[in-house]
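Me: I have a model open and would like to go through it with you piece by piece. Could you keep to what can be computed from the atoms?

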Amino acid sequence: MYAVKAIYDGVNFKPRQPISVSGKYEVVITFLEPVEDDIVGDAQSKKRPLSELRGFLKGKVWMADDFNGPLEEMREYME
């Protein structure tokens with residue numbers, strides 16, 4: 001199984017990285033979220049340095065407060 005990120009513009013799928021498989025494959029296409037054209041286009045064509053894209057995921061990524069806390073499933077092994 002291979003996973004490839006792509007951008008769909010309403011007509012075509014444009015892979016965000018090279019695809020190194022040959023032959024015919026059955027695929028499953030999952031639409032995640034809309035993307036902002038200027039960020040995706042600039043990142044792909046490298047018109048803007050990545051440092052200018054810093055912060056574009058702000059508010060979309062989070063980590064639970066107890067991320068490093070003990071897992072209940074492992075309690076018997078930790079005592």
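Me: Where is the place of Val 4?
Reply: Val 4 sits in the segment before β1, where strands (E, at least two residues) and helices (H or I, at least four) are DSSP runs numbered from the N terminus. This is a predicted model, in which local features need pLDDT of at least 70 and side-chain atom pairs count only at pLDDT 80 or more, while totals for chains, interfaces and linings use all residues. Residues are numbered from 1 along each chain as its sequence is written, and side-chain values use heavy atoms, with hydrogens and water left out.

Me: And what does Val 4 touch, not counting residues up to four places away in sequence?
Reply: Val 4 touches Pro 15, Gln 17 and Ile 19, a contact being heavy atoms within 4.5 Å. The C-alpha atoms of Val 4 and Ile 19 are separated by 7.5 Å, and these two residues are 15 apart along the chain.

Me: Is Val 4 buried or exposed, or partly exposed?
Reply: Val 4 is partly exposed, with a relative accessible area of 40%; buried means under 20%, exposed over 50%, and partly exposed in between (1.4 Å probe, protein chains only).

Me: Which residues form the nonpolar patch on the surface?
Reply: The patch is formed by Tyr 2, Val 4, Tyr 8, Phe 13, Ile 19, Val 21, Tyr 25, Val 27, Ile 29 and Phe 31, which together have about 1000 Å² of accessible area. Patches are made of residues with over 30% relative accessible area and no salt bridge, joining nonpolar side chains (Val, Leu, Ile, Met, Phe, Trp, Tyr) within 5 Å and like charges within 9 Å. Accessible areas come from the Shrake-Rupley method with a 1.4 Å probe, and for residues only the protein chains shown count as cover. Ile 29, for its part, lies in the loop between β2 (13-15) and α1 (37-45), and is partly exposed at 49% relative accessible area.

Me: Switching to rings, how many aromatic pairs are there?
Reply: The structure holds three aromatic pairs, where rings of Phe, Tyr and Trp (its six-membered ring) pair if their centres lie within 6.5 Å, with planes under 30 degrees apart counted as stacked, over 60 as edge-to-face and the rest as tilted. One of them joins Tyr 8 and Phe 31, whose ring centres are 5.5 Å apart with planes at 75 degrees, so this pair is edge-to-face. It links distant parts of the chain, since Tyr 8 is in strand β1 (residues 6-8) and Phe 31 is in the loop between β2 and α1, 23 residues apart. Tyr 8 is partly exposed at 37% relative accessibility, whereas Phe 31 is exposed at 57%. Tyr 8, Phe 13 and Phe 31 form one aromatic cluster.

Me: How many salt bridges does a search of the whole structure find?
Reply: The search finds two, a salt bridge being a side-chain nitrogen of Lys or Arg within 4 Å of a carboxyl oxygen of Asp or Glu. Lys 14 meets Asp 9 at 3.4 Å, N to O, and Arg 75 meets Glu 72 at 3.1 Å, N to O. Arg 75 is partly exposed at 47%, while Glu 72 counts as exposed at 56% relative accessibility.
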